[in-house]
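Let's take a walk through this model, beginning with a sheet and moving on to the aromatic rings. Have a look at the structure first.

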Amino acid sequence: MELKTFQKISYGLYLVSSKRESKLNGQIANIVFQITSEPPTIGLSINKQNLTHEFIQESHIFAISILSENTPLEFIGHFGFKSGREIDKFKGINYKLGGTGVPIVLDNSVGYLEAEVINQIDVGTYTIFIGKVGDAQIVADAEPMTYAYYHEVKKGTAPKTAPTYIKEEVKKMDKYVCTVCGYVYDPQAGDLDSGIKPGTPFEKLPDDWVCPVCGAGKDAFKKEE
């Protein structure tokens, strides 16, 4: 089976947020889809291992911030590769509380949707939450990021709990892999978000350069074999 065929399906890149009592949490997701227009309903798929899953299941509310193409990898890594069980993901983040009390992230957002869960479907390792949309607003006039853009242009990766995660086969190239999150530094692409020009070999990166996704230092990288 050619697993990369699944990557040809169109996806976006979103930040899903929820709350449990006074605690807030959020994560990156790409399986978000509109189900009906009247009433307006939205569906999203969340891994059961994720803290956001627990929050949504208990509070029955969630918000979806649609991320722009200009979203830094560091921001995506903060919500996608770090756990809310260990850090406060909303510290220093620009957000507001919606009508349901759910946190709505405004940083790097094109627009957002706020919803209340009206149904959920158990699909094994994931739950598909179906929400009735109570509010939807445009935040900025910018291009929303597609999952293809995230992979092909931003050179981003997917965590192992993502539904579209595919274990990449390692090839012998002058690329370096982050042992913490799996991000691959490609010298041909560089790291534009960090000011690293295309064509910069790993050995020439500044000593204080860190993984743009998870923040790990250069010593956490190993050469692909």
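Start with an open sheet of three strands, ordered S11-S10-S12 and paired in the antiparallel sense. (Strands are DSSP runs of E with at least two residues, helices are runs of H or I with at least four, and both are numbered from the N terminus; two strands pair if DSSP finds at least two bridges between them.) Strand S11 (184–185) and strand S12 (221–223) are at the edges with a single partner strand each, so one side of each has no neighbour in the sheet. S10 (residues 176–178) and S12 are joined by three bridges, antiparallel again, and Cysteine 178 sits opposite phenylalanine 221 in S12.

Before going on, a word on the background: this is a predicted model, where local features need pLDDT of at least 70 and side-chain atom pairs count only at pLDDT 80 or more, while totals for chains, interfaces and linings use all residues. Residues are numbered from 1 along each chain as its sequence is written, and side-chain values use heavy atoms, leaving out hydrogens and water.

Now for the rings. Phe221 belongs to a cluster that ring pairs build with Tyr176, Tyr183, Tyr185, Phe202 and Trp209. Rings of Phe, Tyr and Trp (its six-membered ring) pair if their centres lie within 6.5 Å; planes under 30 degrees apart are stacked, over 60 edge-to-face, and the rest tilted. Lysine 218 lies over the face of phenylalanine 202, 5.3 Å from the ring centre (the cut-offs for a charge over a ring: NZ of Lys or CZ of Arg within 6 Å of the centre and within 35 degrees of the ring normal).

The structure holds 12 aromatic pairs. One of them is edge-to-face: phenylalanine 79 with phenylalanine 90, at 5.8 Å centre to centre and 80° between the planes. Phenylalanine 79 is in helix H2 (residues 73–80) and phenylalanine 90 in the loop between H2 and strand S6 (95–97), so this pair ties together parts 11 residues apart in sequence. Both phenylalanine 79 and phenylalanine 90 are buried (under 20% relative accessible area with a 1.4 Å probe, protein chains only; exposed is over 50%, partly exposed in between).
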